[in-house]
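Here are a few exercises to work through with the structure open beside you. Try each task before reading its solution.

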Amino acid sequence: MSDKQIFEKTPIKESVINKIISLLKKYGASALCLAETLPTKIGITLRITDVSNKVFFVFLGGHGYIEIIRKDSIDGTIIYMAMDD
Amino acid sequence: MKIREIKQRAENLIEQGENAKQRQVHYQQQANSARVQVVAAYARLEAASKTDEQGNPVGDVTSARSDVYAAQALLQSAETNLGEANRQLERVGRQKMDTVHEIERYEAVEEGNMSKLAELQRKRFGSNANAFMADLVARMNSGEQARQQLLHSMGLSASNKNYTTTSSGSHTYTSTASGDEKISNSEIDTGNTHSFSATQLSKYHSLRRLLHIAQLLDLRQKLTSVQALEMLMCEADSEQTYGRARTHEEIIADMRKSVRDNWLNNFNADKWKNIVSEAQYKERLALYRKGLEQIVGENIIKNLSDSQLERLSVIQNTAFLEGVPLSIGDIINYCKNPESMFVSKVERTAEIANDKMLQSQAHDLLKAERFSEDKWEESTISQKKEIISSMIKEMNVVLGTDVISEVEYYYDDISGSRGAFVSNLNKIQINEHILSDYESYAVLYTVIHEMRHAYQHYAINHPEKVVVSQETLCAWKENMKAENYKSPQKGNTYEEYISQPIEWDAKNFAKQIPDIIDIVPSYLGSWEEIIDV
């Protein structure tokens, strides 16, 4: 299964999918194997697992674009943060 | 014939002058009475405006305000009439002096004629000239009388010339001055001083010097101007103004009041910024500062920043237009407590409703075809930049801000930086890298976010123009201080960054908030609940 295919069941736009894949690769992810949509009060939160069992949590804002990415756990270290000063 | 006309004109001018003086006195009294009425009306308005425990005014504010307007109208009318009366009095004074000069020119010519007639009198058949001489003397004395009357009516005095003829045919005129020895005009002109005493000789030389100087400096004209000015100053400071002579302090206080009422009150920085050039505006603001220094003192004004000065001008002008101008005490209070100039009376419920409306309007822009994602995706980088500028302009309309639509672009493909609002430049910065990125359309949400920051700054400086509560203004203002603003670049966590008032507000406004469990906003503002959008 390709990296993009794991997002087929998620409510995310293609442009955002491409960005997620790009960022995860940049921060050390191997081939992606699972993308799960988690229940949230606001926005979209994804748990993504790669073939080496690394886990990433991608948080999209209410507007549907990436705000932060954490690794290992839902409150783990932030490896990417979109900044609007 | 001519001297008769001049004399008639002199009599008319004297009568006109008396009438103008009476009108001036009348309108001055009217203006004084109107000023007292204005002060009393303000006092009644202030008393009526006091509120009871429920916050309701204790008196009839509408009626009291109407009284103020009426009293002000009366004062304005009286001052207008007084101004006209003063101008008329001045006009008549000038005409009188012109007539005095005309008489003096006439006298100079006729004195020449008198000399020639005297020559004829000494010759054969000279007796024929006697009648002409007598007639000439009579006319010159008539003119001189008119001249004296005009000068007297202006409160001026001059030497009294009296023309006579002698049995030998010579003519003289004598100038009467109290206590002085007389020296005739002909003696001055001819230099016939051989019979002078020492005193007369000294006087003679003094008069020759004065005459020479006056001729050189056209002193008569200058003296006329000085005398006219002295007359005006005396009348302005007359006992009839207050029933007694005004003190120096009263004159200065009236001048200050006039400056404050008619000039400082009419300067509104917000309005002037849109009317005049930047250079002219700065000059006017500097003059406003100078004027305030005259009213309340330089020490009180010197610590006011330009933005505080601008705010004060808006408050002062607004109060003036509402018929309740700021008093000196009010101005001093604002200057000593500048924070009090930026106070909002908006209720939180109104603020929340307004923010929801603004948010809706801002995001509705994205539904328009010109700002749609389809349009964006098919645009070049250059076209995307134009879309961003257009978005800023339309957001200015939504929020009431005045952010410069020209964006500053920078390039950063390492951090997740998308943009920033630079308050001192009133501009937005955008990371140009994003425009060619996968998520490039997200930058329009960044524009909404940054414009909200612009709105926050605008609200603090113009609380009267926005629907933002004092509580929110204080939270934003405190957060904006450099030492209070949290940022990951400073080592703060993401949660600390997003939880601070201005970022919590801007993130929510732009619908960028993700589902983060550790966010504890220090001030919720209008975004009290995290709801699914």
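The exercises below go from the contact between the chains to single residues and strands.

This is a predicted model, in which local features need pLDDT of at least 70, side-chain atom pairs count only at pLDDT 80 or more, and totals for chains, interfaces and linings use all residues. Residues are numbered from 1 along each chain as its sequence is written, chains are lettered from A and ligands numbered from 1 in the order in which they are written, and side-chain values use heavy atoms, with hydrogens and water left out.

**Exercise 1. Describe the contact between chain A and chain B.**

Step 1: start with the residues. Chain A gives 31 residues to the contact and chain B gives 39 residues; contact means heavy atoms within 4.5 Å.

Step 2: turn to area. The two chains bury about 2900 Å² between them, with 52% of it on carbon and sulfur atoms. Buried area is the accessible area (1.4 Å probe) that two parts lose on being put together, summed over both. On the side of chain A, the residues that lose the most area to chain B are A:I42, A:D84 and A:D85, together 26% of what that side buries.

Step 3: count the polar links. Between the chains there are 7 salt bridges, each a side-chain nitrogen of Lys or Arg within 4 Å of a carboxyl oxygen of Asp or Glu. There are also 21 residue pairs in polar contact, both residues at pLDDT 80 or more. A polar contact is a pair of N or O atoms within 3.5 Å; within protein, one must be able to donate a hydrogen and the other to accept it, and residues adjacent in sequence count only if both atoms are side-chain atoms.

Step 4: find the elements. α1(A) supplies the largest share of the side of chain A that touches chain B, 6 residues. Helices (H or I, at least four residues) and strands (E, at least two) are DSSP runs, numbered from the N terminus.

**Exercise 2. Is A:D84 buried or exposed, and which residues of chain B does A:D84 touch?**

Step 1: locate the residue. A:D84 lies in strand β6 of chain A, residues 83-84.

Step 2: check accessibility. A:D84 has a relative accessible area of 0%, so this residue is buried; buried means under 20% relative accessible area, exposed over 50%, partly exposed in between (1.4 Å probe, protein chains only).

Step 3: look across to chain B. Among the residues that A:D84 touches are B:R418, B:G419, B:H449 and B:Y497. The side chains of A:D84 and B:R418 form a salt bridge at 2.8 Å, N to O.

**Exercise 3. What is the strand order in the open sheet of 4 strands?**

Step 1: read the order, which is β6(A)-β4(B)-β5(B)-β3(B), with mixed pairing.

Step 2: look at the edges. β6 of chain A and β3 (408-410) of chain B each have a single partner strand, so one side of each is left without a neighbour in the sheet.

Step 3: inspect the pair β4 (residues 417-422) and β5 (residues 427-431) of chain B, antiparallel over 4 bridges. Strands pair if DSSP finds at least two bridges between them. Here B:G419 stands opposite B:I430.

**Exercise 4. Which strands of chain A pair with β2(A)?**

Step 1: β1 (residues 32-38) of chain A joins β2(A) through 6 bridges, running antiparallel. A:L38 has A:T45 as its bridge partner.

Step 2: β3 (residues 55-60) of chain A also pairs with β2(A) in the antiparallel sense, over 6 bridges. There, A:L46 is partnered by A:V58.

Key. Lists of a residue's contacts leave out its neighbours within four places in sequence.
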